[in-house]
Structure formats: C-alpha cells, structure tokens
Amino acid sequence: SSFLAPKAQRKNTSKWSFPTISKTSTMKFNSAAALLAVGSLATTYGFTPSSSVSSFTSHRQSLVRPSARLPTHIQHTSRSATTLSMSTFKVGIVGATGAVGKEIVGCLEKRDFPVDSLRIFGSERSAGKEVDTKFGKVKVELFSEDAARECDVVFLAVDGDFSLAHAENICAGDDGAVVIDNSSAFRYKEGIPLVVPEINAEATKGKKLIANPNCTTAIGLMAVWPLHKLFGLSKMIMSTYQAASGAGQPGMDELKEGTRAVLSGERDVAENKIFAHPLPFNVIPHIDKFMENGYTKEEMKVTWETRKICGLADDFPVSCTAVRIPTARAHSESIVALFENPVDVAAARKALEEAPGVKLVDDVDNMKYPMPLTATGQYDIEVGRLRENIAFDNALEFFVCGDQLLRGAALNAVIVAEAMVENGALQTKTAA
C-alpha cells in the first residue's frame, strides 16, 4: 500500500507551468553497460562521500584564497551545530528509505546539521521499520500531515503527485513546517523559490516552501554561475550523459541484469522494461516525454530552470540534448557557454577554482578530467576540459560531472536548509 494521497486537482496558471507527465511516459531507458558501471552497482545507491570530501572543503581549502570569504552555509565544511546555529531543529523526512531520502539522512549526519530530533515518515509498508542514524535508531512513522507539521523542517523525497497533495498543507500557517521539496511539483510555480544555494539562497527569505531543481540543472549551473558572474552569459548549449540511476533503483537493476545477460551469452540484446530501449552497450537520446517543439521534457527542464534560478529573461536561449548512458551513477554534461564579454581562460579557471562546491579537475597532460568514476560519491561537482570554443565568439566549452543524488538532490536540499537557518527563514517553532 502507498502513502500517496489522491492526486490534487490544482490549476497552475504560473508562467513556469509545464505539461503534466503521464505515468506511462516515465522513460523506459536501457543502458549500454560499461563493465566499470556494473562494478559500481554493487550496492543500492551505496555511495557516501569519501573521507577526502566528506566535508565540502577538505580539498577546497587549498584552492580558496583566505580573502575569498563565503557565506557560512556555502562554506562546504562539516560544522558543529553551534557554528551553524545556536538552535536545534525537529527534522522530518518523507521518503527516507528511498535513494534520495537515504542521502538526505547522510548529508544531515556528515554536515552536522543541528538536529534536535529526526522523524522519518513512510507508507504502511515501511511504517514500524527502524533506521539506524547518527541521531539514534529512528522508527518509520506512517505519514500524516499533522505529524509532519510538528517538525520545524520537512524534506520531501517523494514524487510530484504526493508533493502536490501535501506540501502546501504541511507548511500552511504560522505553525506549519518549512518544506523543501525534491520533486518537480513546484519548480515552475510563481512565488515558490527554485534554489541552488550558491546562486540564489536569498530567494528563501520569508518563504516556507522551497523547490529543489532538477539534478541535471543543479550540476551544470554550479559551473556556469561563476562564469556568468565574470563574463555575462548570453546563450548556453548543453549535452547531458545521464546515468541509469536517474531512473531509480529499477533502472540500475535493469542495467546490471541486462549487462550480465549479454556478457554471459544468455542474450544477444538485453531486455528493457524501465528504459525505452536496451541500455547495456547502448546510449539513448530520450529522457522523459517528447514535447511539441521536438525537445524532451528533461531537456526543457534545463531551459526553464536555468532561467528561473539565474534570474534570466523568460526567452533566454538555452538548448539541451539529454542522453541516457550505461553508467551507474553521476551525470555528465558538455557545456558550450556564450558570453556578452570577451572570455579569458585563465580568469575562468581562477573563478572555478574559487567557486564553492566546484572542483577544477583539468590537467590533460596527466589525463585528469571530470568522470563519473571520480565524481560518484563526491559533494563537489567536477569541471574540466576548459577551453575557448573555436566555433563561436566569446565562448567557453567545458565538461562537468556531478553525483546527481547528492549535488543534484539531497545535498542541495540540506544546504538550502542551512541557508534558511542563517537567514532566519528556518526557525524552531518556539523561536518563530
């Protein structure tokens, strides 16, 4: 049984609104599985940030100049609760036993978010189970809006239908909780901030419902934003190479099983149920449903969200092609960014080196550049292959990799909460 309430019948007249995705169009993608990808499928999303980056700046400290002072919530270090806030918070997670939910718990633990108590909400099937956390054993509770409203902040790691039905009720009124939603339900709704904290954390001030962006957008904009500030973005072209885990655990399982079946000689071509075509030993230029303009919805998300997060015009030119590839985890992106002003590669490198949440991996002489293999489990996104584009004037081209379950989802949500603590948008119920 599910804890999903009946779909809310709400009319969205916002300029950010977009066509509804039917359940049948949830992309069936198969992955051409590299053996490397299969090896990394050994655990169920079983990646945690490595010790070298378990706090955001273990390696950033050598890159950021002492004078480059960042807001506290964007200094990607593990911190004590007293550093972030004198208060501690009642935290709730809906969907904590899923892939993103598990990573939210891990980020709260590793970043020392000031948790007074942690409550985990789930379906009837999950209720009663115990989850081991740094904050002690937590018994999964059957979700109810009233119970969620008792929290100071609630992370939603569920689908858009659930968020539409419950998010606004959880945060309604002065006694409601702050809600940080990982679904697409509210991303394009006017008045609801769509936030990458390193870019627009200030948008959370005075708000109680915050939308987390699509993983592809969040990863790419971490690299694009410092360059936009430096040169002034005028256009952007992106091609994405997205891992099987973007389709959830079933997608990873299909990649693993299909690869095994082909390599063992059991089948010439893998079966596919999750993906539109067999993914092992293949790539699929189709993620989400196709729209009237020939783009897929996944591709248009990059366009819509880039405009909203960066405060760009509604017709700002952004084009994306999204491709599913046979890797387990971490999305990759090739980006061509065109600018209003002349570009300087050395200045761009310096800006990326100093940008929070970004690791410049760009040493081609020693074959060092961003890869899913090295980006998996990392808090920072990797950017490299930085060069001046030879086809366009005032343009840079570069390659980005990032762990979509962390930077593209769980980590972004937790840093949003940290930013809200710092700017006063998130307070304890007694302090509010």
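Predicted model: local features only at pLDDT ≥ 70, side-chain atom pairs only at ≥ 80, totals over all residues.
Biologist: How many aromatic pairs does a search of the whole structure find?

Modeller: The search gives 6 aromatic pairs.

Biologist: Why is the pair of Phe 231 and Phe 339 called edge-to-face?

Modeller: Two values decide the matter. The ring centres are 5.5 Å apart, and the limit for a pair is within 6.5 Å. The planes stand at 65°, and edge-to-face requires over 60 degrees. The pair of Phe 231 and Phe 339 is therefore edge-to-face.

Biologist: What makes this a pair that ties together separate parts of the sequence?

Modeller: Phe 231 belongs to helix α7 (residues 215-231) and Phe 339 to strand β10 (residues 331-339), so the pair ties together parts that are 108 residues apart in sequence. Both Phe 231 and Phe 339 are buried.

Biologist: Why are the rings of Tyr 241 and Phe 399 called tilted?

Modeller: Their centres lie 6.3 Å apart, which is set against a limit of within 6.5 Å. Their planes make 40°; stacked would need under 30 degrees and edge-to-face over 60. The pair is therefore tilted. Tyr 241 is in strand β8 (residues 233-242) and Phe 399 in strand β13 (residues 395-402), 158 residues apart.

Biologist: What makes Tyr 241 partly exposed?

Modeller: The relative accessible area of Tyr 241 is 28%. Buried would require under 20% and exposed over 50%, so Tyr 241, at 28%, counts as partly exposed.

Biologist: Which residues do ring pairs link into a cluster?

Modeller: The cluster consists of Phe 121, Phe 143 and Phe 162.

Biologist: How do you know that β13 is mostly covered?

Modeller: Of the 8 residues of β13, 7 are buried.

Biologist: With which strands does β13 pair in the antiparallel sense?

Modeller: One partner is β10, with 8 bridges in the antiparallel sense; here Ser 332 stands opposite Cys 401 in β13. Strand β12 (residues 381-388) is also paired with β13 in the antiparallel sense, over 5 bridges, and Val 383 stands opposite Val 400 in β13.

Biologist: What makes β3 and β7 the edges of the open sheet?

Modeller: The sheet has 7 strands in the order β3-β4-β2-β1-β5-β6-β7, with mixed pairing. β3 (130-133) and β7 (209-211) each have a single partner strand, so one side of each is left without a neighbour in the sheet. From one strand to the next, the twist averages 25°.

Biologist: How do you know that β2 and β4 pair?

Modeller: Strand β2 (residues 115-122) and strand β4 (residues 136-142) share 3 bridges in the parallel sense. The requirement is at least two bridges, so β2 and β4 count as paired. Gly 122 stands opposite Leu 142 in β4.

Biologist: Which helix lies across β1, β5, β6 and β7?

Modeller: Helix α12 (residues 406-423) does so, running at about 150° to β6.

Biologist: Why is the contact of Glu 103 with Arg 329 called a salt bridge?

Modeller: The N to O distance between these side chains is 2.9 Å. The cut-off is within 4 Å, so the contact of Glu 103 and Arg 329 is a salt bridge. Glu 103 is in helix α3 (residues 99-110) and Arg 329 in the loop between β9 (318-324) and β10, 226 residues apart. Glu 103, Arg 329 and Asp 403 are linked in a network of salt bridges.

Biologist: Why do Glu 103 and Arg 329 count as buried?

Modeller: The threshold is under 20% relative accessible area. Glu 103 has 6% and therefore counts as buried; Arg 329 has 2% and is likewise buried.

Biologist: What makes Arg 111 and Glu 418 a salt bridge?

Modeller: Their side chains meet at 2.7 Å, N to O, against a cut-off of within 4 Å. Arg 111 lies in the loop between α3 and β2 and Glu 418 in helix α12, so the pair ties together parts that are 307 residues apart in sequence. Both Arg 111 and Glu 418 are buried.

Terms used:
Residues numbered from 1 in each chain as written. Heavy atoms only, no water. Helix = DSSP H or I, 4+ residues; strand = E, 2+ residues; numbered from the N terminus. Buried < 20%, exposed > 50% of the residue type's maximum accessible area, 1.4 Å probe, protein only. Axes fitted to C-alpha atoms, helices over the stretch in contact; angles between N-to-C directions. Contact = heavy atoms within 4.5 Å.
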